[in-house]
Amino acid sequence: MPADWNASQYLKFEDQRTRPARDLLAAVPLQSAAFVVDLGCGPGNSTEILAQRFPGAELLGLDTSPAMLEAARARLPGVTFALGDASTFTLPKPADLIYANAVLQWVPDHATLLPRLMSLLAPGGVLAVQMPDNLEEPSHVAMRETAMAGPWADTLHAATRARTVLPEPGAYYDMLKPHAGAVDVWHTIYNHPLDGIPAIVEWVKGTGLRPFIDPLEGDERTQFLEEYAARLADSYLPRVDGKVLLAFPRFFIVAVK
């Protein structure tokens, strides 16, 4: 995972990035909640929709990025935000909802992690997870190909393994069912219309491309981005209005304790 995140870069596509967060929350079968944890809260865009859904709840936003937490506090000054790692954080009391939108793909060992998160829930509590499942999409294949083909190959070797490769849905069902009364797993593929290849590059610069470009500086970073963009051109052709469609598969889990 990158050492820190750029909140303004991430929020360049706020509406599109928040859409899966809304879809995940819509599937949470809770009428009310007293204590809600936004795990990997980022700049607070997901925390904001949690506050709207559960206006009377105590909210806690956790993230490993000081920059993201600073942006979240500015956005929602009435909410508690704190540094916290998904693998090690503790809670003062059981949560009614642990909501993890687009964060657990950066965390290894899900077979240990997910039962741990279930153990932090109150009876009847919900674990809601959304993870990008796009490592085999052209946008991400091109990252690895560019990393391995250039003079930066040794520097970026670790970046090609920064993300957790997601097991198939049945594996997640088996991980969670011994700890949950109900488990729902599904995929959704979003097709985001963007303003050409440069917009795709800007999108992934806020997330998946970070481990590849953060170790590079100056001309080397510029060269990497140019070669990466060139690899995308054959896979993302202009549509009738000149835009390109960024296909983005995402994997969802809702488990009720």
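Buried means under 20% relative accessible area, exposed over 50%, and partly exposed in between, with a 1.4 Å probe and protein chains only. The views below come from a predicted model, in which local features need pLDDT of at least 70, side-chain atom pairs count only at pLDDT 80 or more, and totals for chains, interfaces and linings use all residues. Residues are numbered from 1 along each chain as its sequence is written, and side-chain values use heavy atoms, with hydrogens and water left out.

**View A. Helix 7 and its buried face.** Helices (H or I, at least four residues) and strands (E, at least two) are DSSP runs, numbered from the N terminus. Helix 7 spans residues 169-176, and its residues Y172, M175 and L176 are buried. Seen down the helix axis, these buried residues fall within an arc of 85°, so they line one face of helix 7; the arc is that of the directions from the helix axis to the C-beta atoms. An α-helix has 3.6 residues a turn, so residues three or four places apart point the same way. The buried residues of helix 7 pack against helix 5 (110-119), strand 5 (121-132), strand 6 (182-194) and strand 7 (244-256). Contact here means heavy atoms within 4.5 Å.

**View B. The start of helix 7.** A side-chain oxygen of E168 lies within 2.8 Å of the backbone nitrogen of G170. A polar contact is a pair of N or O atoms within 3.5 Å; within protein, one must be able to donate a hydrogen and the other to accept it, and residues adjacent in sequence count only if both atoms are side-chain atoms.

View C. Five of the six residues of strand 2 (residues 58-63) are buried. Two strands pair if DSSP finds at least two bridges between them. Strand 2 pairs with strand 1 (residues 35-39) in the parallel sense over five bridges, and L59 is the bridge partner of V36. Strand 2 also runs parallel to strand 3 (residues 80-83), joined by four bridges, with G61 opposite F81.

**View D. Two crossovers that share strand 2.** Strand 1, helix 3 (residues 45-53) and strand 2 form a right-handed β-α-β unit. Strand 2, helix 4 (residues 66-75) and strand 3 form a right-handed β-α-β unit as well. A crossover is right-handed if, with the strands pointing away from the viewer, the path from the first strand over the helix to the second runs clockwise.

**View E. Aromatic pairs.** Rings of Phe, Tyr and Trp (its six-membered ring) pair if their centres lie within 6.5 Å; planes under 30 degrees apart count as stacked, over 60 as edge-to-face and the rest as tilted. This rule gives five aromatic pairs. Y172 and F251 form a tilted pair, 5.2 Å centre to centre with 50° between the planes. This pair links Y172 in helix 7 to F251 in strand 7, 79 residues apart. Y172 is buried at 0% relative accessibility, and F251 is buried at 1%. The rings of W186 and F252 have centres 5.0 Å apart and planes at 5°, so the pair is stacked. W186 is in strand 6 and F252 in strand 7, 66 residues apart. W186 is partly exposed at 23% relative accessible area, whereas F252 is buried at 0%.

**View F. Surroundings of A21.** A21 is in helix 2 (residues 14-26) and is buried, at 0% relative accessibility. Leaving aside neighbours within four places in sequence, A21 is in contact with S46, I49, Y99 and N101.
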